[in-house]
Amino acid sequence: MSSIVSPTPARTTARPHSGGGLPGAIASEWTKLWSVRSVWWSLLASVLLMAATAGQLAIYVQNGNTNTEPADDRGVVAVGRIAIDAVELTQFAVLALALLVITAEYSTGTIRPSLQWTPSRWRLLLAKTTVVAGVTFGVGVLLGGLGAAVAAPVLGTWGRFDAAETLGDVLGLGAYLALVSVFTLGLGAALRGAVGTLVTVFLTLVIVPTTLRLPDLAALNTIADTFPGSAGMHFLRADTDAAPYPPTVGLLLLLGWALTALLAGHTALRRRDA
C-alpha cells in the first residue's frame, strides 16, 4: 500500500522593498526636496542676501578707497572675493535647505515611509547627500556669479575682473557650500530637530572659533583654525601668506567634518527607530 507524501512547500525569503536601488532613492529625494515650500523660500532668501551683502561690501571697499583715511584703503579687490566675503552671512539661508531635507521628515513623520521605501540607512543617507551636495553646489555657483556681478559695477575702477580667477572663486564657493551643507545634513540626521541642528551648526561655524580667538593665544588660534567655518574660509580666500595652512588643507579639513557628521548621522539612523 503506497503512502502519499505531501510535498514540502518551498521556503520564500521576504526581501524588503529596495525602492529601485540608489538611483530610485536619489530620484525620490529629488522629488521630495522640491515639494517642500520652505526650500524655495530658502533659495529666495539666499539670492536676496547675496545681492544685498555683496552690494554693501562693495560700497565699503569703494568708500574706503576714496575717503581721506589711508587705513581704510583696500586697493583694487577681485570681484569674486566680494562674493566670498558675502557668503559668510548668505550661507545660513542655503544651510536651511540642507537642514530641512532631513529634519522636516522627522517633524512630519514622513521619515517612516522613507525608511520603508529605502530600508538601507546608508542608501537613504547617501541619496540625501547626493541631492543636497548637487543642489547646493549649483546654488553656490549661481550665488558666486551673482555676488561678483553685483559687486563689479559698484566697485568700478576698484574692482578686478579676471575670468579665470573669478571662475575659480565661484567654483570654490560652490564646493564650500556643498560640503558645509553635507555637514549640516549629517548633523540633522544625528540630532533630528531643526532648532538643535541650526544652533549646533551656528556654534560650530561661527561662535566657537570666534570665541577661541578672543584671547589671541597661539594654541587656541590653532584649534579655531581647524573648525569647518575657518577651514572653509582659508580654502576660499587662499591667503597662503596669512593663513596657517594651504587652501588644500582647508578643503580637506572641511571634507573631514562633513564625513564625520555623515557618520554620526548614519549611526543615529541605524541605532534609533524613526
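This report describes the fold, the helix packing, the nonpolar core and selected residues of a predicted model.

## Basis of the description

The model is predicted, and local features need pLDDT of at least 70, side-chain atom pairs count only at pLDDT 80 or more, and totals for chains, interfaces and linings use all residues. Residues are numbered from 1 along each chain as its sequence is written, and side-chain values use heavy atoms, with hydrogens and water left out.

## Overall architecture

The protein chain contains ten helices and two strands. Helices (H or I, at least four residues) and strands (E, at least two) are DSSP runs, numbered from the N terminus. Read from the N terminus, the order of elements is α-α-β-α-α-α-β-α-α-α-α-α.

Of the 274 residues in the protein chain, 43% count as buried; buried means under 20% relative accessible area, exposed means over 50%, and partly exposed lies in between (1.4 Å probe, protein chains only). Contact means heavy atoms within 4.5 Å. Among contacts in the protein chain between residues at least 6 apart in sequence, 78% join residues at least 24 apart.

## Nonpolar core

A nonpolar core is a set of buried Ala, Val, Leu, Ile, Met, Phe, Trp, Tyr and Cys residues joined through side-chain atoms within 4.5 Å. The largest such core has 54 residues, and those with the most contacts inside it are Leu 33, Ile 82, Val 87, Leu 155, Tyr 176, Leu 177 and Leu 236. Two or more residues each come from helices H2 (37-66), H3, H4 (111-117), H5 (121-155), H6 (163-191), H7, H9 (228-237) and H10 (247-271). The most is given by H3, with 14 residues.

Tyr 176 touches Val 87, Gln 91, Pro 228, Gly 229, Gly 232, Met 233, Leu 236 and Leu 254, when residues up to four places away in sequence are not counted.

## Packing of H3 with H7

Two packed helices are described by the angle between their axes and the distance between the axes. The axes of H3 (residues 79-108) and H7 (residues 194-213) come within 10 Å and cross at roughly 140°. H3 is therefore oblique to H7. Axes are lines fitted to C-alpha atoms, for helices over the stretch in contact, and angles run from 0 to 180 degrees between N-to-C directions; angles under 35 degrees count as roughly parallel, over 145 as roughly antiparallel, 65 to 115 as roughly perpendicular and the rest as oblique.

The crossing of H3 and H7 is right-handed. A crossing is left-handed if the near helix is turned anticlockwise from the far one by less than a right angle, and right-handed if clockwise. H3 contributes Gln 91, Phe 92, Leu 95, Leu 99 and Thr 103 to the contact, while H7 contributes Ala 194, Thr 197, Leu 198, Val 201, Phe 202, Leu 205 and Val 206. By class, the contact of H3 with H7 has nine nonpolar, three polar and no charged residues (Ala, Val, Leu, Ile, Met, Phe, Trp, Tyr, Cys and Pro count as nonpolar, Asp, Glu, Lys and Arg as charged, and the others, Gly among them, as polar).

Thr 184 of helix H6 is buried at 1% relative accessibility. Apart from residues up to four places away in sequence, Thr 184 touches Leu 95, Ala 98, Leu 99, Thr 197 and Val 201.

## Packing of H9 with H10

The axes of H9 and H10 come within 7 Å and cross at roughly 145°, and this crossing is left-handed. Pro 228, Ala 231, Gly 232, His 234 and Phe 235 of H9 meet Pro 247, Gly 250, Leu 251, Leu 253, Leu 254 and Trp 257 of H10. The contact of H9 with H10 comprises eight nonpolar, three polar and no charged residues.

## Selected residues

Most residues other than glycine have a negative phi. Arg 192, in the loop between H6 and H7, has a positive phi of about 75° although it is not a glycine; Arg 192 is buried, with a relative accessible area of 17%. Asp 216, in the loop between H7 and H8, has a positive phi near 55° and counts as exposed at 58% relative accessibility.

Asn 221 lies in helix H8 (residues 218-224) and is buried, with a relative accessible area of 17%. Not counting residues up to four places away in sequence, Asn 221 touches Leu 212, Arg 213 and Asp 216. Val 141, in helix H5, counts as partly exposed at 24% relative accessibility. The C-alpha atoms of Val 141 and Leu 171 are separated by 5.8 Å, although these residues are 30 residues apart along the chain. Leaving aside neighbours within four places in sequence, Val 141 is in contact with Val 170, Leu 171 and Gly 174.
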